[in-house]
Amino acid sequence: MKWLWLNLTLLLAFGLSGCSESPQVHQAKLFTLGTLVDVTVLHRDEAAAARAVEIVESELATVNAQWHAWRDSPLTQINQQLALGNTVAIDAATYRFIQQAQTLASHSEQRFNPAIGALVALWGFHSDERPDSAPPTQEAINALLKSAPSMADITLTETTLSSNNRAVQLDFGAFGKGYAIDQAVARLKQSGIENAIVNAGGDLRAIGSKNERPWRIGIRHPTAAGVIASLEIIDDESVFTSGNYERFFDFSGQRYHHIIDPRSGYPAQGTVSVTVIHRSAAVADAAATALFIAGAEQWPRIARQMGVDEVMLIDEQLTLHMTPKMAQRIQLEIDDAELNIVGGEQ
Amino acid sequence: MTRADYLIVLFAALLLPYLYVSQWSSSEVGTTAAIMNGDKTIAVSLAHDHTLTIDGALGPTIIKIEAGKIRFATSPCLGKQCIHSGWLQQTGEFAACLPNRISVAVLGDAPRFDSINF
């Protein structure tokens with residue numbers, strides 16, 4: 001009996017101190033995909049972790065080069081052909097990419113609308129740095145809205161892409177990052193990496209766990225320093241947030257952010273941020289943007305249509321609207337939060 | 001149990017609170033920051049207020065440390081996204097100036113979060 005007590009106590013003590021044979025956390029920061037990417041890998045072998053970082057860097061760079069909306073890329077060449085009314089030959093990977101984006105756009109009722117590249121460019125967000133200069137005129141915005149480009153204008157086969165609307169200019173800014181992270185994570189899994197986080201500019205996908213406990217994620221407060229909420233990752237999940245604080249410019253005392261509502265042609269109003277949890281980073285990416293644009297009234301319906309059931313929307317009064325599943329998952333890190341749990345059936 | 005056994009159990013029991021605090025408790029506020037300038041990284045303490053000037057790819061960026069927090073104060077970039085990121089204080093928080101190739105990440109002894117979403 002005495003040895004049982006002794007061993008139990010020592011086991012607890014050493015258990016809390018951590019096993020020296022446990023895999024170690026390796027972290028690297030990369031400048032790629034137009035943002036700062038933070039790669040966390042849990043592995044016993046430092047060389048294997050370094051190879052994992054190289055895999056992530058390579059995958060993200062490949063997607064970035066393929067789908068960059070304003071630097072010379074295969075996408076800008078596609079856009080040039082669509083503007084001329086031409087049909088473009090595409091490969092299998094391009095087909096899958098655009099087909100997934102088209103499906104998500106349809107489910108979002110075109111709130112997520114990658115066809116409004118010309119509108120995004122008009123607002124000046126087709127640049128690495130948008131200076132604080134005047135927004136576009138109402139006339140210029142109206143001219144683009146009149147042609148109403150959407151992903152429904154695209155005709156897609158496994159080998160060709162065309163549009164019956166020459167105003168369609170593709171910009172996958174609300175999808176490409178998620179797609180790139182999905183590609184990187186798939187390659188990590190193929191190479192035997194089981195526990196990792198790929199965080200690109202605050203949007204992330206995490207797989208596995210950290211030495212038998214879940215990865216812990218903090219969601220930054222959208223209007224103040226610190227964290228507003230936290231959650232633990234279950235097995236393999238993506239956490240994406242679209243916020244009006246990410247890219248913006250100020251002009252004549254007015255702030256204009258980068259999430260353009262395809263219906264009004266102006267930055268979407270009423271929402272500060274939307275956080276989505278989903279296994280697929282690409283779906284989470286598109287949904288975060290679509291639900292931001294949908295706003296506090298319409299987001300539950302659009303979320304259901306897009307197949308996402310873990311959502312938190314923060315409005316301009318800093319009320320936290322969330323699905324029941326998100327409310328169960330999330331731990332609030334602030335006091336006196338006003339909560340609105342939306343929808344009983346998710 | 002012998003007297004020696006009691007002493008070992010007592011020692012282990014006293015060790016538990018220390019190990020819990022040192023290994024498992026969550027420290028939200030960072031103690032240092034890693035400033036990455038291109039491929040070079042320097043570590044700075046957040047314990048003392050000071051101002052750093054870092055020469056990046058475009059020109060000098062000024063980084064301020066004040067009351068345990070750190071932020072980009074000025075930057076030669078056009079968009080000023082780094083400055084808009086504001087004060088960083090919690091372990092795991094980071095901000096970057098991509099044009100000037102400078103980033104700041106807050107580090108701590110016991111990071112509460114493995115990654116920050118924003």
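1. Two strands pair if DSSP finds at least two bridges between them, and helices (H or I, at least four residues) and strands (E, at least two) are DSSP runs, numbered from the N terminus. On these terms, chain B holds an open sheet of 4 strands in the order 2-1-7-6, with antiparallel pairing. Strand 2 (40-45) and strand 6 of chain B stand at the edges, each with a single partner strand, so one side of each is left without a neighbour in the sheet. The twist averages 20° from one strand to the next, where axes are lines fitted to C-alpha atoms, for helices over the stretch in contact, and angles run from 0 to 180 degrees between N-to-C directions.

2. Some conventions apply throughout. The model is a predicted one, in which local features need pLDDT of at least 70 and side-chain atom pairs count only at pLDDT 80 or more, while totals for chains, interfaces and linings use all residues. Residues are numbered from 1 along each chain as its sequence is written, and chains are lettered from A and ligands numbered from 1 in the order in which they are written.

3. Chain B as a whole comes to 2 helices and 8 strands, which run α-β-β-β-β-β-α-β-β-β from the N terminus on. Of its 118 residues, 35% are buried (20 or more other C-beta atoms within 10 Å of a residue's own; exposed means 12 or fewer, partly exposed in between, with C-beta atoms placed from the backbone). Among contacts between residues at least 6 apart in sequence, 39% join residues at least 24 apart, a contact being two residues whose C-beta atoms, placed from the backbone, lie within 7 Å.

4. Strand 6 and strand 7 of chain B run antiparallel and are joined by 4 bridges, with B:F94 standing opposite B:A105 in strand 7. In the loop between strand 6 (94-97) and strand 7 (102-107) lies B:R101, whose phi is near 55°, a positive value in a residue other than glycine. B:R101 counts as partly exposed, because it has 18 C-beta neighbours inside 10 Å.

5. A:Q110 counts as buried, because it has 20 C-beta neighbours inside 10 Å. Most residues other than glycine have a negative phi.

6. Helix 7 of chain A (residues 176-190) has 15 residues and reaches 21 Å from its first C-alpha to its last, close to the 21 Å expected at 1.5 Å a residue, the expected span being 1.5 Å times one less than the number of residues. Helix 7 is mostly covered, with 11 of its 15 residues buried, and these buried residues pack against several elements of chain A, including helix 4 (92-107), strand 10 (236-243) and helix 8 (281-306). Just after helix 7, A:G192 takes a positive phi of about 95°.

7. Within helix 7 of chain A, A:I181 is buried, because 29 other C-beta atoms lie within 10 Å. Leaving aside neighbours within four places in sequence, A:I181 is in contact with A:V198, A:A200, A:R205, A:S238 and A:A281.

8. Helix 2 and helix 7 of chain A pack at an angle of about 145°, with their axes 9 Å apart. Among the residues that meet are A:I55 and A:W67 in helix 2, and A:Y179 and A:L188 in helix 7.
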